[in-house]
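Okay, everyone, thanks for coming.

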Number of protein chains: 2
Amino acid sequence: MSASSVIQFWFDFASTYSYPAAMRVEEVALHSGCTVQWVPFVLGAIFRDQGWNDSPFNIYPAKGRYMWRDLERLCAGLELPFRKPSQFPRNSLPAARIACLAEADWIAKFIRKVYTANFAEDLDIAQPTVLLNCLDGLVADPAALLAVARGRDAKSRLRHNTESAMEQGIFGAPTFVTGNELFWGNDRLEAALEWSRGVSTLRH
Amino acid sequence: MSASSVIQFWFDFASTYSYPAAMRVEEVALHSGCTVQWVPFVLGAIFRDQGWNDSPFNIYPAKGRYMWRDLERLCAGLELPFRKPSQFPRNSLPAARIACLAEADWIAKFIRKVYTANFAEDLDIAQPTVLLNCLDGLVADPAALLAVARGRDAKSRLRHNTESAMEQGIFGAPTFVTGNELFWGNDRLEAALEWSRGVSTLRH
């Protein structure tokens, strides 16, 4: 096999099940000979399109109660720290815009730091101090990047991703995309990788 | 281990992901030393409680399109026959009432026959002829059972299950219950069984 296959990871920093998925996707993909392409998008915009102005986990209480318990169990099983955020969903736009500007050598680390801040440390990921902390050690000038991330280019990239998500029929996060196939949910990562391997076997 | 643990399988015959789950739950559970307790309930009543008068797969088209493709992929992977039902969701009440009366030695077979009729043979599972066919070879007098299933006792049992589902916070199907833990979705069967084994190891 000369070329490795690529799996796209479509995520929103406010999305709960994207937390365990983001923390494990790179390692699990590596074991399958896959590389990860990180694609931040705005889940809230897709929810609004479906008529929701809040997370379905808040709109439908039984679903929400189940999700928090399930997430707690999942994280315990993966030995991932978890603390239920005191605010949900959190404003994920500032962090998502930074992710849109991130470079290949630090994007994964940044993403995991933001998810950890939101779901393990109960920190407000819209706060500049929290984001500066997440960028610390990854880029030479975190403050300068934060400023650029407030600019038109970052906003436009994020909007583009969100429109692209809608066009592809993405309706939730995390979503894994391989070829033209969507796999929705943390628990479908393995199925997505298996599909990706199959496609890649057919190709090479 | 003297006693095997029990996993409850909460299902509705109209539920799409309950089809692969119903077809494989008994065999997979057996490998884990678990027995299955089948619990039919009315998902539509729970949906109405959430303000939906149709399946969310019909209300939210992107979600629906994904689900049908995903189900097709899943069934192919499990080598289960699949044909997209020409009517969705189908009226599952008559079949569910029969399941409420079913006995231990044939309930699993009946359930798999009904799911196969709905999702592999595109048959209307509310039709007496289809249900008689599903009962054929399982009970001495299918027509008599069909008549009893129209009676007050069967209706009352199904209503009781649905109320019990609501009280436990069940909001979708399939749901696996072990101890006080809920696991929602076909792809959580293995996690439910693992939990069940853990509990059972602690107990014995």
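This is a predicted model: local features need pLDDT of at least 70, side-chain atom pairs count only at pLDDT 80 or more; totals for chains, interfaces and linings use all residues.

Let's start with chain A. There's an open sheet here, built from 4 strands in the order E2-E1-E3-E4, with mixed pairing. At the edges sit strand E2, residues 34-40, and strand E4, residues 181-184, and each of them pairs on one side only. From one strand to the next, the twist averages 25 degrees.

Strand E3 of chain A, residues 175-178, runs antiparallel to E4(A), and the two are joined over 4 bridges. If you want a pair to click on, which residue of E4(A) is the bridge partner of Val177(A)? That's Leu182(A).

Helix H1 of chain A, residues 18-31, lies across E1, E2 and E3 of chain A, and H1(A) runs at about 155 degrees to E2(A).

Okay, how do the two chains relate? Turn chain A by 180 degrees, with a shift of 0.0 Å along the axis, and it can be laid on chain B with an RMSD of 0.0 Å. That is the relation of a two-fold axis. The same surface serves both copies, too: 100% of the contact residues of chain A recur in chain B. And which residue of chain A comes closest to the rotation axis? It's Asp187(A), with its C-alpha at 3.5 Å.

Over to chain B, then. Its open sheet has 4 strands in the order E2-E1-E3-E4, and the pairing is mixed. Strand E2 (34-40) and strand E4 (181-184) of chain B have a single partner strand each, so one side of each is left without a neighbour in the sheet. Neighbouring strands are turned by 25 degrees against each other on average, ignoring direction.

For chain B I picked another pair of strands. E1, residues 5-11, and E3, residues 175-178, pair in the antiparallel sense over 3 bridges in chain B. Here you can find Phe9(B) standing opposite Phe176(B) in E3(B).

Last topic: helix packing, still in chain B. Helix H1 (residues 18-31) and helix H6 (residues 107-119) have axes that come within 10 Å and cross at roughly 150 degrees. That makes H1(B) roughly antiparallel to H6(B), and the crossing is left-handed. On the H1(B) side, the contact is made by Ser18(B), Tyr19(B), Ala22(B), Met23(B) and Glu26(B). The H6(B) side brings Ala108(B), Ile111(B), Arg112(B), Tyr115(B), Thr116(B) and Phe119(B). Sort the residues of that contact and you get 7 nonpolar, 2 polar and 2 charged.

The other helix pair is H7, residues 128-135, and H8, residues 142-149, of chain B. Their axes are 9 Å apart, and they pack at an angle of about 120 degrees. H7(B) and H8(B) are therefore oblique to each other, and H7(B) passes H8(B) in a right-handed crossing. Pro128(B), Leu131(B), Leu132(B) and Leu135(B) of H7(B) meet Pro142(B), Ala143(B), Leu145(B) and Leu146(B) of H8(B). How does that contact divide up? Into 8 nonpolar residues, no polar and no charged.

That's my tour, so let's open it up.

Definitions and conventions:
Residues are numbered from 1 along each chain as its sequence is written. Chains are lettered from A and ligands numbered from 1 in the order in which they are written. Side-chain values use heavy atoms; hydrogens and water are left out. Axes are lines fitted to C-alpha atoms, for helices over the stretch in contact, and angles run from 0 to 180 degrees between N-to-C directions. Angles under 35 degrees count as roughly parallel, over 145 as roughly antiparallel, 65 to 115 as roughly perpendicular and the rest as oblique. A crossing is left-handed if the near helix is turned anticlockwise from the far one by less than a right angle, and right-handed if clockwise. Contact means heavy atoms within 4.5 Å. Ala, Val, Leu, Ile, Met, Phe, Trp, Tyr, Cys and Pro count as nonpolar, Asp, Glu, Lys and Arg as charged, and the others, Gly among them, as polar. Copies are superposed by least squares on the C-alpha atoms of residues with pLDDT of at least 70 in both. Two strands pair if DSSP finds at least two bridges between them.
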